[in-house]
Amino acid sequence: MGTIERFQERVRAAASDRQPLCIRGGGSKDWYGGAPQGAVLDTRDHAGIVDYEPTELVVTARCGTPLAEIEALLARHNQMLAFEPPHFSATATVGGTVAAGLSGPRRGSSGATRDFVLGARLLDGKGDVLAFGGKVMKNVAGYDVSRMLAGSMGTLGLLLEVSLKVLPRPFAEATLRFEMSEIDAIRRLNEWGGQPLPLSGSAWCGGQLALRLSGAEAAVDAAMRLLGGEAVPHPDAAAFWTDLREQRHAFFTGSEPLWRLSVPSTTGALVLGGDQLIEWGGAQRWLRTGGDAATADTVRRTAQACGGHATLFRGGDKGSGVFQPLAPVLARIHARMKDAFDPAHIFNPGRLYPESA
């Protein structure tokens, strides 16, 4: 019996008994979202790169394939996953990467995880294998289910295989450092974001703004002359952006709850107390603050008032939910999608919203 047949057998038995399954790859993001529930369905045996043609800028891999293996292959051809997915552990798999839907520092300029998902094969709650999208960039018609799987936390089914768009590595890269306040940093990031500059990453914390430039060597050199600032040596810069992506930066240490706020980039300084780190040209705000229920409500209301949303990323009391509550209309759509793909509600119950448990 093959791996997929074994998965189908497990899923059909679980659906018949209405026993929850915890879809799990390397477990590198077990802490993200609601607490895992149910018997573990380990995906790591279903691994391997199915197809990769560098000239087509697409890689297809099975869900249990280590993320590091894919990135190493791409690096040998001077290509990359441009959304810079965080690993958080050497055990990270491509299936878990897409299911979590997390992106790194380059997301503000290159796009999010979902923007790079071209196609997927999914095992649904009935044990059927479904295929969506494809392996080329111009093949999406109708409702784009494959991209919807990004960030679904495995609640819709077991992602068996995924095709991802890849991009060439930039010819040149440089990082600049500036001393400036939070208000000035937000203003300058939005000013620079409206100019034809090769920006590929930004991070403000503790009075310092780091700005990454990527692209043709002439474009990077011209931007450095225009912007000024202090040039960061390449080894130090590479370590900085990796540590930021993997949350090894000093800001992320500590026991306080960590909030992730997604807001319009033009949003001014958020007065919420605690420490903040700003990424993606002002569109992503990390916040470390107190963890009582009143604080959680304040954080979410503040983000919503700005036209954004807040996620309790790490730590804190997850009893009231991790992600911003959905509006009634969206909640009904969410419930219908769950019912369609997972009628018995066996896949990763509660990882997104308590209502899906």
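Reply: A contact here means heavy atoms within 4.5 Å. Helices (H or I, at least four residues) and strands (E, at least two) are DSSP runs, numbered from the N terminus. This is a predicted model, in which local features need pLDDT of at least 70 and side-chain atom pairs count only at pLDDT 80 or more, while totals for chains, interfaces and linings use all residues. Residues are numbered from 1 along each chain as its sequence is written, and side-chain values use heavy atoms, with hydrogens and water left out.

Four residues of α8 are buried, namely A237, W241, L244 and R245; buried means under 20% relative accessible area, exposed over 50%, and partly exposed in between, with a 1.4 Å probe and protein chains only. These residues cover an arc of only 100° around the axis, which puts them on the same side of α8; the arc is that of the directions from the helix axis to the C-beta atoms. An α-helix has 3.6 residues a turn, so residues three or four places apart point the same way.

The cover over the buried residues of α8 includes the strands β10 (172-179), β11 (199-205), β12 (208-215), β13 (230-232) and β15 (275-279). Just after the helix, Q247 has a positive phi of about 55°.

Rings of Phe, Tyr and Trp (its six-membered ring) pair if their centres lie within 6.5 Å; planes under 30 degrees apart count as stacked, over 60 as edge-to-face and the rest as tilted. F251 is buried at 8% relative accessible area, and F252 is buried at 9%. Both belong to one aromatic cluster, whose other members include W31, Y32, F88 and W286. By the ring rule there are 13 aromatic pairs.

Of its 357 residues, 50% count as buried. Among contacts with a separation of 6 or more, 67% join residues 24 or more positions apart. The C-alpha trace spans about 65 × 50 × 35 Å along its principal axes.
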